[in-house]
Amino acid sequence: MLRLFDLPPDDGHALLAPLAGPATLVTAAAPDGHRLRRLLNTAQAATRHSASTHSEP
């Protein structure tokens, strides 16, 4: 399942795509480093949350 973090155009965009195994590809674009870091942090948090809710007991 692909996830798109769609923020206002001035803030940038990020896409998460699950890969085989326990991996996720994050693609992000933003107008500056600060906004890019915020997108990547959001994607990382979402990936960790998703992994913790789908892990085996």
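What percentage of the 57 residues of the protein chain count as buried? The figure is 16%, where buried means under 20% relative accessible area, exposed over 50% and partly exposed in between, using a 1.4 Å probe and protein chains only. This is a predicted model, so local features need pLDDT of at least 70 and side-chain atom pairs count only at pLDDT 80 or more, while totals for chains, interfaces and linings use all residues. Residues are numbered from 1 along each chain as its sequence is written, and side-chain values use heavy atoms, with hydrogens and water left out.

**Layout**
- The protein chain has one helix and three strands, taken as DSSP runs numbered from the N terminus (helices H or I, at least four residues; strands E, at least two).
- Reading from the N terminus, you get β-β-β-α.

- Strands β2 (residues 13-19) and β3 (residues 23-29) run antiparallel and are joined by seven bridges; strands pair if DSSP finds at least two bridges between them.
- A17 sits opposite L25 in β3.
- Three residues lie between the strands of this hairpin, and G21 takes a positive phi near 75 degrees.

**Salt bridge**
- There's one salt bridge in the structure, meaning a side-chain nitrogen of Lys or Arg within 4 Å of a carboxyl oxygen of Asp or Glu.
- It links the side chains of D32 and R35 at 3.7 Å, N to O.
- D32 is partly exposed at 33% relative accessibility, and R35 is partly exposed too, at 27%.

**Surface**
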